[in-house]
Amino acid sequence: MGERKRQRDDSVNPHSSENIELSEEQIVGDGNDIISSLPGNVIHHILSFLSTKDAIRTSILSTKWEYLWTSICDIDLNDTFPWTGKEEERSFLDFVDRVFLFHDASDIKSLTINSLELVTSSRVNSWISASLRHNIEELNLSLRWKAQPVLPCHLFTCQSLVTLKLYMNWSLKIPSLTHFSNLKTLELSHVTFSDDNSTQHLFSSCPVLQELALVKCGWKNLKTLMICIPTLKRLTIEDEAMWIRGFLSCVTKIYAANLIHLRCISSLEVDFRLYDLSSLVDASIGLYDNSSAEDATHQVLGLLSGVVNVQKLSITSDTLEGFHYDEDGYTLGRVPSCFSSSLKTVCIAYFSETAAEMWFISLEAGHDLKNGSTRVLNPLDPEEFRRQGQLIIDFLADYYKNIEKYPVRSQVEPGYLSSRLPDSAPLDPEPIETVMQDVENHIIPGITHWQSPNYFAYFPATASIAGFNGRNAARDEVLNRVGRESIVKLVIYGSDQTHSAVQKAARIAGINPENFRAIPTTKDNAFGLIPDSLESAILSDLAVGLIPLFLCAIIGTTSSTAVDPVGPLSNVARRYGVWDHVDAAQAGSAFICPMFRHFIDGIEGADSFSLNAHKWFFTNLDCCCLWVKDPNALIKALSTNPEFLRNKATESYQVVDYKDCQIGLSRRFRASYEALASAPELRSGEPPKFLGLPSASVGLAELWMGESKDYNDLHSLTPVANLLDRVPVFYNMTHLVLHSELFGDSFGVMIDLLENSPKLESLNFEEVRIYMN
Amino acid sequence: MASSIENNNEKLTLKSSDGEEFLVEKHVALQSTLLQNMLDSDCSSADVIPLPKIDARTLALVLGYCKKHADASSSKQGELNSFDSEFLKDMDMGALFNLVLAANFMEIKGLLDIAAQKIADTIKDKPHQEVREIFHVENDYTPEEEAAVREENRWAFEGFP
């Protein structure tokens with residue numbers, strides 16, 4: 001600070017009287033509305049630090065604030081309107097129109113619109129044109145067009161645009177006059193390209209492009225995908241290869257002399273040709289589906305030989321398997337040059353001594369890796385387990401030894417951890433030491449040390465029932481509207497395959513047990529809940545004055561592993577204001593694999609979604625993850641605020657107070673522990689492990705189907721294409737349970753088969769249970 | 001900025017609205033675009049520069065901020081960040097508003113940003129009734145008008161009482 005000299009002599013200050021007057025004007029504190037009297041530019045500056053939603057909500061403070069938000073330069077509009085379900089009410093799209101209508105003359109720096117409602121080209125184009133007039137720099141549209149969109153021509157010649165992100169399930173028509181003179185980031189998702197020329201034209205019209213991402217795009221009209229962008233630094237190509245076999249079958253040529261990061265998740269069938277990637281530093285390659293074995297080796301080697309100077313290479317085990325199919329084993333003569341030139345360390349995680357992995361190790365023995373070392377990390381290796389275990393025990397022992405040295409209370413601001421987290425889970429495994437170091441540096445400072453001898457606050461209460469429940473939120477939301485006494489009229493919907501747990505939970509929530517609708521399903525629909533059946537059930541309930549409340553759509557039912565059609569059901573639910581819960585307890589973990597995600601197409605419409613991490617996520621029972629679109633609904637249903645539980649952190653709205661989301665006042669240690677435990681698991685477990693288990697399970701299911709194919713009269717419950725359905729049934733199956741009502745006419749055949757089939761016997765069921773209804 | 005290097009030891013005098021004078025090193029004063037422009041436009045540093053909108057208490061805080069930022073080298077960004085977050089911690093609303101006004105008047109962008117951010121954080125995620133209370137904003141809407149504003153902007157009020 002500058003030196004401060006006291007000079008209270010008024011005579012040296014000719015303006016003193018005026019100054020005192022001015023300073024009195026700004027005396028602030030008790031009872032004065034200072035914030036409203038701030039200069040306009042300061043208020044706008046404050047608003048710029050708020051989310052769009054918070055900024056718009058200031059309109060209600062007083063008349064002065066009504067239109068102050070209309071100058072915000074970052075507009076982020078996400079469709080959160082559903083759930084009221086009243087179509088006649090103002091829609092989200094009308095609201096977006098309003099935002100543009102009221103926006104003042106100032107620039108719009110970024111615009112994000114994300115909606116599930118169907119939109120027309122003319123409406124979207126009016127938004128785009130308005131944002132172009134306001135010198136838009138970042139445009140991010142994720143919309144569902146009713147028909148083929150025709151985007152305004154002047155979008156394609158916009159000079160202010162720096163970032164363009166489009167999600168659309170339609171063709172992208174590229175005008176011949178296209179020139180994005182300042183575009184640095186282009187991300188196209190689910191976009192179908194029309195032809196070779198216009199696609200190439202698009203890329204060559206971006207003279208300064210640095211980042212390009214093509215996610216699940218449609219290539220069927222292309223023979224060659226040519227990406228020739230000398231300025232490109234980051235390229236991402238992602239596809240759901242397995243399910244759309246042959247879809248991405250065009251030759252893909254990449255010329256990018258300045259490319260630094262390459263990420264490529266695709267089918268082995270794609271013919272990738274990489275040219276001139278001399279600047280590449282890290283590459284991450286995941287190729288799925290090695291069904292066409294001979295080609296696979298060719299493709300993998302082709303792709304890897306293009307990444308000559310790469311310093312860091314992440315490959316999935318499937319990709320490594322691509323080496324597998326060479327005639328002479330794995331000919332060293334064709335080892336990609338990066339292995340012998342630039343790569344220094346290769347980490348093989350989840351080592352299981354497959355032929356491909358052994359071959360890879362032999363590379364190292366032959367000094368093919370430059371000064372190389374191959375580290376084998378195997379979480380199931382007893383010695384590694386012992387080492388990591390000792391490390392943890394040491395850590396715990398040290399903690400208890402030094403417990404009184406820690407300050408009892410948490411030393412951090414609420415929310416401190418989220419800013420320290422990386423944007424995504426790492427693709428490469430990290431050693432346990434690094435993870436523990438982070439626990440020391442980032443977790444410990446945030447802990448309240450209950451075990452400290454200096455801790456004299458209240459004792460943690462025991463939580464009687466863990467977990468929380470969207471149902472209660474849904475119930476309260478509706479009861480607040482229609483009156484508490486109407487609880488007997490509420491109705492819950494599910495298929496007749498729905499797990500009894502849903503019905504039990506409905507009873508706990510106070511729903512009349514007679515008002516659980518188990519809607520019949522049929523084998524023709526693979527026992528999935530038919531949207532039309534749901535709609536007619538809702539209509540007949542409405543007709544007799546009942547109130548449809550809650551839909552439980554299930555992905556992988558317990559009795560038959562049926563999958564309900566999430567998207568169409570959510571549309572019906574939305575139409576009638578029914579809370580749409582998607583229960584993927586059984587199969588949800590599989591969606592970590594991109595190729596299974598189409599099972600939850602339309603999930604954006606759901607109000608809540610749950611999955612069990614203890615199924616395929618290597619987590620101990622029980623760990624159920626629940627996502628809720630509007631957490632406030634939960635809080636309103638379960639919040640209480642007695643004085644002894646009030647604290648600064650919660651009242652700052654910076655932290656989630658879990659007591660408001662569940663029945664107990666505190667979380668069982670296990671609940672927090674599992675959340676903590678899954679973070680190191682995600683980091684040191686390496687994604688291929690997560691990606692690998694579900695696909696391996698599907699492989700087992702396929703094997704089983706192959707085995708049982710010889711039996712003409714063995715009926716598969718679910719369609720052959722529905723791989724995921726079969727997984728939970730056949731994976732890890734030691735018990736065979738047959739419900740007669742599921743099999744109908746073929747039930748007798750099944751019994752016969754079981755009695756007479758040597759092959760089925762060889763599957764070694766421990767127990768076969770048969771239920772005759 | 002050339003002048004700041006040449007005359008690194010030069011000092012200038014700033015005078016607060018309530019008549020207190022502060023002797024400030026020139027490179028510290030240059031954190032303020034307002035002062036920088038004044039000095040560039042040949043305003044003699046021998047003169048006392050009056051800051052008629054800023055009281056002594058606020059000016060002392062502002063100069064503390066400028067001193068820290070002028071002296072820290074760019075390599076110490078982490079240290080500056082933690083200084084910034086400590087700087088506004090536990091500051092009462094009145095002082096914070098004086099500070100945001102001073103930063104705005106003196107054109108000190110970094111200080112304006114952290115002060116505005118702090119005020120925004122106070123508004124964030126809170127029901128409007130609570131925001132009104134904290135900032136003493138008088139609600140001059142009629143109940144009908146208020147309901148209409150809320151309805152028109154319903155998207156933003158989902159989940160708020």
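In the predicted model, B:Arg57 forms a salt bridge with B:Asp92, the closest N and O atoms being 3.6 Å apart, where a salt bridge denotes a side-chain nitrogen of Lys or Arg within 4 Å of a carboxyl oxygen of Asp or Glu. The pair links distant parts of the chain, 35 residues apart, with B:Arg57 in helix α4 (residues 56–71) of chain B and B:Asp92 in the loop between α5 (77–88) and α6 (93–106) of chain B; helices (H or I, at least four residues) and strands (E, at least two) are DSSP runs, numbered from the N terminus. B:Arg57 is exposed, with a relative accessible area of 53%, whereas B:Asp92 counts as partly exposed at 42%, the classes being buried under 20%, exposed over 50% and partly exposed in between (1.4 Å probe, protein chains only).

The model is predicted, with local features needing pLDDT of at least 70 and side-chain atom pairs counting only at pLDDT 80 or more, while totals for chains, interfaces and linings use all residues. Residues are numbered from 1 along each chain as its sequence is written, chains are lettered from A and ligands numbered from 1 in the order in which they are written, and side-chain values use heavy atoms, with hydrogens and water left out.

Over all chains, the count comes to 19 salt bridges. One of them is formed by the side chains of A:Arg98 and B:Glu152 (3.6 Å, N to O); because A:Arg98 lies in helix α5 (residues 92–102) of chain A and B:Glu152 in helix α9 (residues 143–152) of chain B, the pair joins two chains. A:Arg98 is buried, with a relative accessible area of 9%, and B:Glu152 is partly exposed at 28%. Within chain B, the side chains of B:Lys89 and B:Glu86 also meet in a salt bridge (3.8 Å, N to O), B:Lys89 being partly exposed at 37% relative accessibility. In chain A, salt bridges that share partners join A:Asp94, A:Asp97 and A:Arg123 into one network.

A contrasting case is A:Asp580, in strand β22 (residues 579–584) of chain A. Leaving aside neighbours within four places in sequence, A:Asp580 is in contact (heavy atoms within 4.5 Å) with residues including A:Leu551, A:Ser570, A:Gly605 and A:Asp607.

The largest nonpolar core holds 134 residues, among which A:Leu172, A:Leu188, A:Leu212 and A:Ile227 touch the most other members; such a core is a set of buried Ala, Val, Leu, Ile, Met, Phe, Trp, Tyr and Cys residues joined through side-chain atoms within 4.5 Å. A second, separate core of 30 residues includes A:Ile519, A:Leu534, A:Val582 and A:Phe591.

Chain B has 10 helices and three strands, and buried residues make up 49% of its 161 residues. Among contacts in chain B between residues at least 6 apart in sequence, 58% join residues at least 24 apart.
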